[in-house]
Amino acid sequence: MCISQVRQFTTVSFEFQRKWLVVTVFGIIVIWRHDALAMWAAMGEVANAWLAITLKRILNQERPVAILGTGPGMPSSHAQSIFFASVYAILSLVKSLGLNGVTVTIRVLVLAFRSYLSWLRISQRHHTISQVVVGAILGTIFSILWFQSWYWFVLQAFLSFLWVWIIIVVGGVTCCVIFLLYVIKHWLMDGE
């Protein structure tokens with residue numbers, strides 16, 4: 001087996017594992033929490049992915065190795081997604097448990113893990129450093145704004161109006177199902 005075949009196998013294996021890891025983690029969080037904030041987070045992840053796809057089409061910047069990637073590379077949607085989810089999780093954890101030794105330790109571990117996953121996008125030449133950095137910044141900013149918007153105005157509307165409650169619950173479940181179907185579709189396409 002030559003080096004390029006090993007790299008391609010490793011990349012496909014990593015992509016397969018990453019997709020199912022994300023689906024599993026979000027599934028566990030939504031089922032475990034099964035509250036409006038978890039639904040809001042799921043809707044935010046989908047909105048964040050839509051933002052990344054839209055920006056890729058507008059900016060239309062090539063990837064470092066065009067053969068490896070499908071479509072433009074700016075911003076890195078993987079980095080944007082990873083940073084959205086990790087920042088949202090950290091903000092939720094600190095909001096519920098406060099800032100203490102446990103939450104600081106978890107924050108450091110999450111920072112290391114998300115940085116490693118983002119670095120993999122660069123090392124495997126799927127993205128340039130600037131594409132990953134922009135994705136990370138956008139994911140972080142969008143996560144903070146999405147999280148804070150819940151406490152700024154969505155929570156009050158959620159508690160006051162039944163139609164807002166329905167939109168958030170149905171929207172969150174719909175986003176989870178659409179994301180699961182998207183991952184299954186792409187998993188099946190990767191298997192061909």
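This is a predicted model: local features need pLDDT of at least 70, side-chain atom pairs count only at pLDDT 80 or more; totals for chains, interfaces and linings use all residues.
Local features need pLDDT of at least 70 and side-chain atom pairs count only at pLDDT 80 or more, while totals for chains, interfaces and linings use all residues. Residues are numbered from 1 along each chain as its sequence is written, and side-chain values use heavy atoms, with hydrogens and water left out.

**Exercise 1.** Compare the span of helix α3 with the expected one, and state what follows the helix.

Solution. Helices are DSSP runs of H or I with at least four residues, numbered from the N terminus. Helix α3 covers residues 77-97, which is 21 residues. The expected span is 1.5 Å times one less than the number of residues. For α3 this expectation is 30 Å, and the helix reaches 30 Å from its first C-alpha to its last. Gly98 follows α3 and has a positive phi, near 80°.

**Exercise 2.** Decide whether Ser86 is buried or exposed, and find what its side chain reaches.

Solution. Ser86 belongs to helix α3. Buried means under 20% relative accessible area, exposed over 50%, and partly exposed in between, with a 1.4 Å probe and protein chains only. Ser86 has 8%, so this residue is buried. Other buried residues of α3 include Phe83, Phe84 and Tyr88. A polar atom of the Ser86 side chain lies 2.9 Å from the backbone oxygen of Ile82. Contact means heavy atoms within 4.5 Å. Apart from neighbours within four places in sequence, Ser86 is in contact with Val110 and Arg114.

**Exercise 3.** Describe how α2 and α5 pack.

Solution. Two packed helices are described by the angle between their axes and the distance between the axes. Axes are lines fitted to C-alpha atoms, for helices over the stretch in contact, and angles run from 0 to 180 degrees between N-to-C directions. Helix α2 (residues 36-59) and helix α5 (residues 129-160) make an angle of about 140°, and their axes are 10 Å apart. Angles under 35 degrees count as roughly parallel, over 145 as roughly antiparallel, 65 to 115 as roughly perpendicular, and the rest as oblique. The pair is therefore oblique. Among the residues that meet are Trp40, Gly44 and Asn48 in α2, and Gly139, Phe142 and Trp146 in α5.

**Exercise 4.** Find which residues Ser143 touches.

Solution. Ser143 is part of helix α5. Its relative accessibility is 0%, so Ser143 counts as buried. Not counting residues up to four places away in sequence, Ser143 touches Phe83, Phe84, Val87, Tyr88 and Leu91. The Ser143 side chain reaches the backbone oxygen of Phe84 at 3.0 Å. The C-alpha atoms of Ser143 and Asn48 are 8.1 Å apart, though 95 residues separate them along the chain.

Terms used. Helices (H or I, at least four residues) and strands (E, at least two) are DSSP runs, numbered from the N terminus. A polar contact is a pair of N or O atoms within 3.5 Å; within protein, one must be able to donate a hydrogen and the other to accept it, and residues adjacent in sequence count only if both atoms are side-chain atoms.
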